[in-house]
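Open the model in your viewer and keep a selection tool at hand.

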Amino acid sequence: METVLSVRNLKKSFGSLEVLRDISFDLGRGEVISVLGPSGGGKSTLLRCLTQLETIDDGVVTLDGDVLFKDGRYASKADLSRITLKIGLVFQNFNLFPHLSVIENLTVAPMKVKKTPKAEAQERARALLDRVGLAEKADCYPYQLSGGQQQRVAIARALALDPEVLFFDEPTSALDPELTGEVLRVIRSLADRRMTMIIVTHEMGFARSVSDRVIFMENGVIVETSAPEEMFTNPKNPRTRDFIMNAMEK
Amino acid sequence: MNADVFKLLLDGTVITLRMFATTIIFSIPLGLLVAVLRMSRIWIFSLPARLYILILRGTPLMLQIMFLFYGPALIENFGFSWNGNRMLAANVALILNYAAYFAEIFRGGIEGIPMGQREAGKVLGLSRTQTFFIVVLPQVVKRVIPPMGNEIINLVKDTSLIQVLGIFELMNTARVQASAKVSVLPYLVAGGIYLAINAVLTFVLSITEKKLDYYR
Ligand SMILES: Nc1ncnc2c1ncn2[C@@H]1O[C@H](COP(=O)(O)OP(=O)(O)OP(=O)(O)O)[C@@H](O)[C@H]1O
Ligand SMILES: [Mg+2]
């Protein structure tokens, strides 16, 4: 499998707090990785470092042949903005732009960043809204939608830039339980289309059924990486075992 | 009340409205600039902005007007004088004072926008400038309209303070005419004019608020 994202010895501290100690993994094209782990383990920080929302301290990150970070330095500004467009991020609390309609949320970045003509951007946006089952909500404003619908719009907005990889940081944690299903279904449909994804989630059943590999992260290190069946039925590491057992009981 | 008194009150109204309009036009951009400096992480920018806001909000506007106009003449060899241009000095004092209040309103508005909005802009590849003008500023406008409305209405009334420089704006005219004609009418007419101006402004502000009501 061709590697799209390669992370080597990634380190990140906030002051004296080491949040990512030495993270290394590869993500193959079309692969879906779920990341599990207790609160404060550094899962969000990992995604935020890879999307340049936090600065990386050390390590090597390569995306689709482009070096993002190496030898303590970032790529040039021009390279960075190109790399940014290859990575999409879906936030826990959606972060839709409240003053823009649903379709404007989807077209603003393609038009302003990629200079896509308006008509083309809108056509593509409508196709994406259709894909997440919200074609008829194009002209609504975010406050008029349920949380589940807002998150589906946020997914469509990330897809509008046609990213190579898509990250999800607990995409259903802010939702009422009855609304998680519709969002997970959309993510699953992306997996079926071989979208390359990293999904940080507490939804064990979903992680088990949708992923190709599962990473268990704790205290800033990857404790275990396994195939989902292995991870959920026969985890190697005792820490992983505790975490999975606890999570299953809930 | 005869026609010439009424004419004098109208002349005063024109001065009041001119003071008001020029103060709004110049103090809003200046306030935005002070707010941006105040939020800078570089102290050479933020400290002067803090001091500016502290002094302009912490001392009486009337003192500021008098200090600005009379101050240069009282300091020996200061090398600057208003050449008797009281209107200009009064106008500058109002602009500087209101910019300080607007700066704090804008700062509150900008800081009140959740961090996630800027992060979403960044992840979508928008530059910092694009994110500010496309994502942040439109939302700030909606948030600052109500507090701005308060200040704008205060400003209409605060223009009366420039009478300490002997300018015959509406309030000063009313005062002089009331005692000259031994009549309460100039006061009532002046009050009515202030009220009318603020009624119009209140109406315009509420329309603006309604226009921005399409989202939450
Ligand atoms: N901006 C920051 N400044 C200082 N410390 C931070 C910052 N962001 C995160 N941290 C700390 O880094 C650690 C890892 O946080 P992170 O959010 O990555 O964990 P997480 O695995 O995503 O947890 P959760 O499951 O609760 O979302 C925590 O101890 C957190 O307090
Ligand atoms: Mg997190």
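How much space lies in the largest cavity? About 100 Å³. This is a predicted model, in which local features need pLDDT of at least 70 and side-chain atom pairs count only at pLDDT 80 or more, while totals for chains, interfaces and linings use all residues. Residues are numbered from 1 along each chain as its sequence is written, chains are lettered from A and ligands numbered from 1 in the order in which they are written, and side-chain values use heavy atoms, with hydrogens and water left out.

**Stop 1: the cavity**

Select Gly88(A), Leu89(A), Ala158(A), Val123(B) and Leu124(B), which lie nearest the centre of the largest cavity among its 15 lining residues. On a 1 Å grid over the protein atoms alone, a cavity is a set of points where a 1.4 Å probe fits but cannot get out; a pocket is an open set with protein on both sides within 12 Å along at least five of seven lines; lining residues have an atom within 4 Å of a point. Grid points are joined across faces, edges and corners, and a volume is the space filled by probe spheres set on the points. The structure holds 1 cavity of 30 Å³ or more.

Next, colour strand 7 of chain A, which gives the largest share of this lining, 4 residues. Helix 5 (147–159) of chain A and helix 5 of chain B also supply at least two residues each. Helices (H or I, at least four residues) and strands (E, at least two) are DSSP runs, numbered from the N terminus. The cavity lining has 13 nonpolar, 1 polar and 1 charged residues. Here Ala, Val, Leu, Ile, Met, Phe, Trp, Tyr, Cys and Pro count as nonpolar, Asp, Glu, Lys and Arg as charged, and the others, Gly among them, as polar.

**Stop 2: the largest pocket**

The largest pocket holds about 1,400 Å³ of space. Select Arg41(B), Arg118(B), Lys122(B), Ser127(B) and Arg128(B), the closest to its centre of the 30 residues that line it. Then show helix 6 of chain B, the source of the largest share of the lining with 5 residues. The lining divides into 11 nonpolar, 9 polar and 10 charged residues.

**Stop 3: the second largest pocket**

Move to Ile28(B), Phe106(B), Val144(B), Ile145(B) and Met148(B), nearest the centre of a pocket lined by 15 residues. About 270 Å³ of space lies in this second largest pocket. Helix 6 of chain B gives the largest share of its lining, 7 residues. Which classes make up the lining of the second largest pocket? It has 15 nonpolar, no polar and no charged residues.

**Stop 4: where chain A meets chain B**

Show both chains: 23 residues of chain A are in contact (heavy atoms within 4.5 Å) with 18 residues of chain B. The area buried between them is about 2,000 Å², with 66% from carbon and sulfur atoms. Buried area is the accessible area (1.4 Å probe) that two parts lose on being put together, summed over both. Select Phe97(A), His99(A) and Tyr143(A), which supply 32% of the area that chain A buries against chain B, more than any other three residues.

Finish at Arg48(A) and Glu119(B), whose side chains meet in a salt bridge at 2.8 Å, N to O. The term requires a side-chain nitrogen of Lys or Arg within 4 Å of a carboxyl oxygen of Asp or Glu. The rule finds 1 salt bridge across this interface.
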